[in-house]
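Please read them with the structure open.

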Amino acid sequence: MKKFIMAVGAHADDIELNVGGTLLKYRDKGYGVVYVMATNNMSGGWSKIQPDGSVKVESHGTVVMMRQRKLEAAKGAALLGTVPVHLDHPQRHYNGDERTNNTVCWGRDCAELRYGSPLPEGVSADVPTIVTAHEDGRACGVLADLILKHDPEWILTHGLVQRDIEHMGTALLVLKSYRRAVSTGYKGGLLFWVEGHRYLGATNIKWDIYVDITEYIEKKIDLISVHECQVPFPRKPGFSPRVVSEMNGKAAGCGAAEVYVIVSKGKGVIPLS
Amino acid sequence: MIKTIMFIGAHSGDIEVFAGGTVLKYFDEGYRIIYVITTNNMSGVWTRCPLDGSIRVAKPGSLEMMRLRKSEAVAAALKVAACPVFLDHPQRNYNSREGELKELRYGCGIPEGVAENVPSILTAHENQESRNELKDIILSNNPEWIVTHGVDNEQIEHLATALLAAKSYEDAVSDGYSGGLLLWQEGCWNTGATNNLWDVFVDISGYADRKMELVDMHVSRKVPHYVRERNMDWGKKCGCGYAEIYIIAGHGNSQLLK
């Protein structure tokens, strides 16, 4: 029977940036990858490399951003031998216009989710956003069903030590869906990947296990590079995901590593390594 | 100079439940207590326990809940000679006058008592004006420690309050503030053992009963039965009767709480 590993990321590129090495390694071991995107990816800037080598960050509307970022997610997933599952929970903000802009994000005017905010193009009123999806029984049910359908040995997702509330929202959605799946017989484990945000204290970035990705670090960078609109220069010296993987590797005693907190070991599941 | 500690909670009652013993202990030691509540407290149910032992739950609308919960916060803060500062960021949901739960979504209306275009608690940490407001409170009071929610919990408004406090703290530090930042642990074991570690504890052995009295002042909120047990459990692990536990997010130049 084919074994599976599931990764749930908030945005297109989160999976590759944080656990790309682990997924490549386990794909080579014969595992199937279940690639889940929690948000609708309607937000963010679009970085375009100019003829002189500089980068211009463009603002596009929700529908254009969703299409591009989902296209890139599909390319990333294809390199992992799978196709993305999009849960499509709206993000907390997007590139708006004069009528909708009410805040500043990434140094640009943006439209933010507030009481009284209009519906963005491409978003339905009956879908909870990613910051409240974890409290929505239907949303948790959809993800729990996906877990039960694929029965992955491990589920990997964002940890709670973050700067980004959508990563936190995704972690909570996965945590609650996981518990729902466990209550109906699921036996796999749940890991939070550690993103290394030190501003909440050193204790909050401790980890339990690591996956040695020394032989996969270059392939991980290739995987990340499909997200052109978010990561224009993945081969640039000092590229943060490479540096972080190498620092984790140093701490773990190998060349490069991805590190995790064990939320639940599951029952009878072999630890990742 | 009077020493100060600032406590920042998401909701009325959070400070008392998670750090009430520390509040009382340091108040008794002569510290000035600053009490900040980040949300507008418009959500939740009103739980009453009449003398017959039954539990009755009502769902007042947003305005009535705000009035109730804020008056409870004021009464509790007065016990430590403080007056709560309300940042009034709208919560993520509320009960309509008809008792229907309404959630913050694109295309939703504005609840009664909420001004147009105010960032909710979920995004306040990304709003520079909101961060500046909290930063100014930090700088004008210059507390030795700021104490707030940690990230070992499943309540997104607690998590968002931690982000708002930590980012405002960073802003204050870059403007010269030299106090420390502590995150209280809430004891949510569902997030894994490593997410439940702590750096320092405050021995609240002599304060457990008074803490519960402070917590009980929030009569609209059913007191979680585990509050005392959890403090006792941590106390056992820390070698004392009762304890509240914290992660150090920023040390500053402050002497550790104990």
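**Notes on the predicted model**

1. In chain A, strand 7 and strand 8 run antiparallel and are joined by three bridges; within this pairing, A:Thr103 has A:Cys110 of strand 8 standing opposite. The two strands form a hairpin with two residues between them, where A:Trp106 takes a positive phi near 45 degrees.

2. Another hairpin of chain A is built from strand 3 and strand 4, with five residues between them, and A:Gly53 in its turn has a positive phi of about 95 degrees. Strand 3 (residues 46–49) and strand 4 (residues 55–58) of chain A are antiparallel and share four bridges, with A:Lys48 having A:Lys56 of strand 4 as its bridge partner.

3. As for the chain as a whole, chain A contains six helices and twelve strands. Its radius of gyration is 18 Å, close to the 19 Å that the globule rule gives for 273 residues, so chain A is as compact as a globular protein of that length. Along the principal axes, the C-alpha atoms of chain A occupy a box of roughly 55 × 45 × 35 Å. Buried residues make up 53% of the 273 in chain A, and, of the chain A contacts between residues at least 6 apart in sequence, 75% link residues at least 24 apart.

4. The open sheet of chain A has seven strands in the order 5-2-1-9-10-12-11, with mixed pairing. Strand 5 (84–89) and strand 11 (209–212) of chain A stand at its edges with a single partner strand each, so one side of each has no neighbour in the sheet. On average, and with direction ignored, neighbouring strands of this sheet are turned by 25 degrees against each other.

5. Within that order, strand 1 (residues 4–9) and strand 9 (residues 154–158) of chain A pair in the parallel sense over four bridges, and A:Met6 stands opposite A:Ile155 of strand 9. Helix 4 (residues 165–183) of chain A packs on the sheet, where it touches strand 1, strand 2, strand 9, strand 10 (189–193) and strand 12 (257–264) of chain A, and its direction makes about 155 degrees with that of strand 9. Helix 3 (residues 137–150) of chain A lies across strand 1, strand 2 (32–39), strand 5 and strand 9 of chain A, and runs at about 170 degrees to strand 5.

6. Which elements of chain A supply the side that touches chain B? The contact involves 39 residues of chain A and 41 residues of chain B. Strand 7 (103–105), helix 4 and strand 12 of chain A each supply at least two residues of that side of chain A, and helix 4 gives the most, with five residues. By type, the residues on the side of chain A that touches chain B divide into 24 nonpolar, ten polar and five charged.

7. The largest nonpolar core has 134 residues, of which A:Ala7, A:Leu191, B:Phe7 and B:Leu182 touch the most other members. Helix 4 (residues 156–174) of chain B contributes the largest share of this core, ten residues. A second, separate core of seven residues includes A:Met65, A:Met66, A:Cys105 and A:Cys110. Leaving aside residues up to four places away in sequence, B:Leu182 touches B:Trp145, B:Val147, B:Tyr246, B:Ile247, B:Ile248 and B:Ala249.

8. A last point concerns B:Gly241, which lies in the loop between helix 6 (226–238) and strand 11 (243–250) of chain B. Is B:Gly241 buried, exposed or partly exposed? With 15 C-beta neighbours inside 10 Å, B:Gly241 counts as partly exposed. Residues up to four places away in sequence not being counted, B:Gly241 touches B:Ser205 and B:Gly235. The C-alpha atoms of B:Gly241 and B:Asp203 are separated by 7.5 Å, although the two residues are 38 residues apart along the chain.

Conventions: Residues are numbered from 1 along each chain as its sequence is written. Chains are lettered from A and ligands numbered from 1 in the order in which they are written. This is a predicted model: local features need pLDDT of at least 70, side-chain atom pairs count only at pLDDT 80 or more; totals for chains, interfaces and linings use all residues. The radius of gyration is taken over C-alpha atoms; the globule rule is 2.2 Å times the number of residues to the power 0.38. A residue is buried if 20 or more other C-beta atoms lie within 10 Å of its own, exposed if 12 or fewer, and partly exposed in between; C-beta atoms are placed from the backbone. Two residues are in contact if their C-beta atoms, placed from the backbone, lie within 7 Å. A nonpolar core is a set of buried Ala, Val, Leu, Ile, Met, Phe, Trp, Tyr and Cys residues joined through C-beta atoms within 7 Å. Two strands pair if DSSP finds at least two bridges between them. Axes are lines fitted to C-alpha atoms, for helices over the stretch in contact, and angles run from 0 to 180 degrees between N-to-C directions. Ala, Val, Leu, Ile, Met, Phe, Trp, Tyr, Cys and Pro count as nonpolar, Asp, Glu, Lys and Arg as charged, and the others, Gly among them, as polar.
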